[in-house]
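Morning, everyone. I have one structure to walk through, and I will keep it short. Please have a look at it first.

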Amino acid sequence: MFQSKEVCLQQLPYPKNAIVYSHSFRKPHAVLLYFHGGGLLYGDKRDLPDCHIRRLTEAGYSIISFDYPLAPAAKLPLILEDVCASIRHYLEHPLSYVCRPLPYLLWGRSAGAYLCLSAAACGQLPSPPSGILSYYGYGFLCDNWFQSPSSFYRTFPPVSADCLQAIPKEIHPTGSLQTHYSVYVYARQQGCWKDLIYEGREKFFFLQHSLRTCDRLPCPLFCAHSTGDTDVPYEEFLALCTKYNAFSYVAPCSEHDFDRDPSSAFTAALLDASLAFLHQLFAV
């Protein structure tokens, strides 16, 4: 059985909160700082399936799921700084979240995994994480896929640029499927995803916002991916694993967020592999 509480980090210049999930009576070994997916354009800190929360908290890992500002209102420098600020806030005020200071890991799904990898690689955290869980994450290591029209999303009904008028212009930390998902589909159909999340010279995008110049992460890495991922190519996963000698889990299916189905055998196997990685780190 798990319990949850909400923590307010700030109200201005935009509201930012976190949800803490913990087991009702089991003492945790460590805490997972979680960042949601959504292509940096949509999503919500409440996107974790209950089965993930239950399995991890029962095994002795508390979870803190953070808000972060979404593009295109916020661009990558602000988004990454916000993620790093959330990590620093936990390190500086651990008792605002959990009963005692705990070692921390970073955990993200899709865009959230990208943010975790980037935060760990940037070298600006007061202390490095004990590990990273990357579920179908990326580091913009392979060329073209993120700035070319997606053959998968081109099979969807066409979405026009008018979708951009339906989302807030001010900085905001949540974006529902009903209001924001169409922006992601539009971006992938048109091959303009990078243009919505980043402004500046392409050279600096690769230097500052990809993992191409990061030869080593400060902690062990676990990566999970499906062989037929529709959003992030399998080759990107292979590049991450090769570059950082990652522990890995591969699901032989054709879904991006293949763990969204709690009844899937792939979801159970992913959580088993994740816990094996965590238990190895903490000698549980």
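What is the order of the eight strands in the open sheet? The order is β1-β2-β4-β3-β5-β6-β7-β8, and the pairing is mixed. Two strands pair if DSSP finds at least two bridges between them. Helices (H or I, at least four residues) and strands (E, at least two) are DSSP runs, numbered from the N terminus. β1 (2-10) and β8 (247-251) are at the edges with a single partner strand each, so one side of each has no neighbour in the sheet. From one strand to the next, the twist averages 15°.

Some ground rules. This is a predicted model: local features need pLDDT of at least 70, side-chain atom pairs count only at pLDDT 80 or more, and totals for chains, interfaces and linings use all residues. Residues are numbered from 1 along each chain as its sequence is written, and side-chain values use heavy atoms, with hydrogens and water left out.

Now β4. Six of its six residues are buried, so β4 is largely enclosed by the rest of the structure. Buried means under 20% relative accessible area, exposed over 50%, and partly exposed in between (1.4 Å probe, protein chains only). Tyr61, Ile63 and Ser65 point one way from β4, while Ser62, Ile64 and Phe66 point the other way. β4 pairs with β2 in the antiparallel sense over four bridges. It runs parallel to β3, joined by six bridges. Ser65 in β4 shows both contacts: Ile19 stands opposite Ser65, and Tyr34 has Ser65 as its bridge partner.

Further along, β6 (residues 132-135) and β7 (residues 221-226) pair in the parallel sense over four bridges. There, Leu133 has Phe222 in β7 as its bridge partner.

Next, helices. α2 (residues 76-92) lies across β1, β2 (16-23), β3 (30-35), β4 (61-66) and β5 (104-109), at about 160° to β3. α2 also packs on α3 (residues 111-121) at about 75°, with the axes 10 Å apart. That makes α2 roughly perpendicular to α3. Axes are lines fitted to C-alpha atoms, for helices over the stretch in contact, and angles run from 0 to 180 degrees between N-to-C directions. Under 35 degrees counts as roughly parallel, over 145 as roughly antiparallel, 65 to 115 as roughly perpendicular and the rest as oblique. Contact means heavy atoms within 4.5 Å. Among the α2 residues that meet α3 are Leu76, Ile79 and Val83, and on the α3 side Tyr114 and Leu115 take part.

Last, the aromatics. How many aromatic pairs does a search of the whole structure find? It finds 38. Rings of Phe, Tyr and Trp (its six-membered ring) pair if their centres lie within 6.5 Å; planes under 30 degrees apart count as stacked, over 60 as edge-to-face and the rest as tilted. Tyr138 and Trp193 are edge-to-face, 5.8 Å centre to centre with 70° between the planes. Tyr138 is in the loop between β6 and α4 (177-190) and Trp193 is in α5 (residues 193-197), so the pair ties together parts 55 residues apart in sequence. Trp145 and Trp193 form a tilted pair, 5.8 Å centre to centre with 55° between the planes. Tyr138 is buried at 1% relative accessible area, and Trp193 is buried at 2%. Trp145 is buried too.
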